[in-house]
Amino acid sequence: MEAPIGPGPAGMNLDNIKVCARCGLRYDWRKSPSTLKMTYCSSLCEFGDLGFTMDALMKLQRAERPAAVEKEAAPAV
Ligand SMILES: [Zn+2]
């Protein structure tokens, strides 16, 4: 698709256009599902390049440590 990239009604802004480090695709990083959205256009590319996704990594870390027991903040009354 030869769509001109520039400011427009679609909200495309050059500032948000990144080139995927893996597939070389130009994409709007704000719309990238990748955790490293500034680097990869998709989590597939992220996974392909790193061998894992940051998302999976963070889930692992979260699973390792038990959920913090958060005390409810006292109501400010
Ligand atoms: Zn990509």
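The secondary structure of this protein consists of two helices and two strands. The model is a predicted one. Read from the N terminus, the order of the elements is β-β-α-α, so that strand 1 covers residues 17-19, strand 2 covers residues 26-28, helix 1 covers residues 43-50 and helix 2 covers residues 54-64.

Confidence comes next. The mean pLDDT of the protein is 79, and 70% of its residues reach 70 or more. Among the elements, strand 2 has the highest mean pLDDT, at 95, while helix 2 has the lowest, at 82.

Two figures describe the chain as a whole. The protein has 77 residues, of which 9% count as buried. Of the contacts between residues at least 6 apart in sequence, 7% join residues at least 24 apart.

Ala21 lies in the loop that runs between strand 1 and strand 2. Ala21 counts as partly exposed because it has 14 C-beta neighbours inside 10 Å; a residue with 12 or fewer would be exposed, and one with 20 or more would be buried. Leaving out residues up to four places away in sequence, Ala21 touches Thr39, Tyr40 and Asp49. Tyr40 is 19 residues from Ala21 along the chain, and the C-alpha atoms of the two are separated by 5.8 Å.

Arg26 is in strand 2. Arg26 has 11 C-beta neighbours inside 10 Å and therefore counts as exposed. When neighbours within four places in sequence are set aside, Arg26 is in contact with Ile17 and Val19. Both of these residues fall in strand 1, which spans 17-19. Arg26 can also be placed relative to Cys41: the two are 15 residues apart in sequence, and their C-alpha atoms are 7.7 Å apart in space.

With 17 C-beta neighbours inside 10 Å, Phe47 counts as partly exposed. Apart from its neighbours within four places in sequence, Phe47 is in contact with Phe52 and Thr53. Looking back along the chain, Ser34 is 13 residues from Phe47, with 9.0 Å between their C-alpha atoms.

Taken together, the contacts of Arg26 are with Ile17 and Val19, those of Ala21 are with Thr39, Tyr40 and Asp49, and those of Phe47 are with Phe52 and Thr53. Arg26 counts as exposed, whereas Ala21 counts as partly exposed, as does Phe47.

How values were computed:
Residues are numbered from 1 along each chain as its sequence is written. This is a predicted model: local features need pLDDT of at least 70, side-chain atom pairs count only at pLDDT 80 or more; totals for chains, interfaces and linings use all residues. Helices (H or I, at least four residues) and strands (E, at least two) are DSSP runs, numbered from the N terminus. Two residues are in contact if their C-beta atoms, placed from the backbone, lie within 7 Å. pLDDT is the predictor's confidence in each residue, from 0 to 100.
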